[in-house]
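Please look over the sequence and the structure first.

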Amino acid sequence: RIQADMGKLSFSSKDAGLAGEAREALREKMVFGQKEYDCSCASMGNTHCVIPMAEISREKVCTIGAFSERSAYFGDRVNTQIMKVLDKNNIQIEIFERGVGYTLSSATCSCAAAGAALKLGLISSDVMVHTPGGKLWTQIDENWNVKMIGSVKRVCKIELFEDFFTM
């Protein structure tokens, strides 16, 4: 297991890349694909839009993400997470990353979703984030600094040509 300091969460609309006046970016009504969603936006150094839902799926996040990624709400695209709160110490998310699409797991997406859930009063400050790619424990302190704790395992082995880095 390893622990990593992920930095400080911000819910400032400016930090989260949202258009309009400066504000805390919680419970924003946004329309993606002609459907309105209750969105909370955060920055972990990159932009996140977190949408709490009763039921989540790969299909739902891909449908929403296709619209949210390049929407006019965000100046430089956005990572989108749909989130289901399982209990005070567990959330489940599905992820659509900007420039990538559907993603099995992401550290910053997990941290942003946990932070948004905490800011909304839905969970405690120590929460397990469940993704299709695995589980990640997050801890958020009173200043919104986030630590993540997870297991490490080898997923592949690659060999690179000697001149790969000199190109």
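The largest nonpolar core has 28 residues, and Leu9, Met44, Met83, Ile91, Ile93, Ile140 and Val146 have the most contacts inside it. A nonpolar core is a set of buried Ala, Val, Leu, Ile, Met, Phe, Trp, Tyr and Cys residues joined through side-chain atoms within 4.5 Å; buried means under 20% relative accessible area (1.4 Å probe, protein chains only).

Helices (H or I, at least four residues) and strands (E, at least two) are DSSP runs, numbered from the N terminus. The largest share of the core, eight residues, is supplied by α2. Apart from this core lies another, of 19 residues, including Leu18, Ala25, Phe32 and Tyr37.

The model is predicted: local features need pLDDT of at least 70, and side-chain atom pairs count only at pLDDT 80 or more, while totals for chains, interfaces and linings use all residues. Residues are numbered from 1 along each chain as its sequence is written, and side-chain values use heavy atoms, with hydrogens and water left out.

Gln81 lies in strand β5 (residues 79-87) and is buried, with a relative accessible area of 0%. Its C-alpha atom is separated by 4.8 Å from that of Val50, 31 residues apart along the chain. Leaving aside neighbours within four places in sequence, Gln81 is in contact (heavy atoms within 4.5 Å) with residues including His48, Val50, Ile93 and Cys109.

Note on methods:
Buried < 20%, exposed > 50% of the residue type's maximum accessible area, 1.4 Å probe, protein only.
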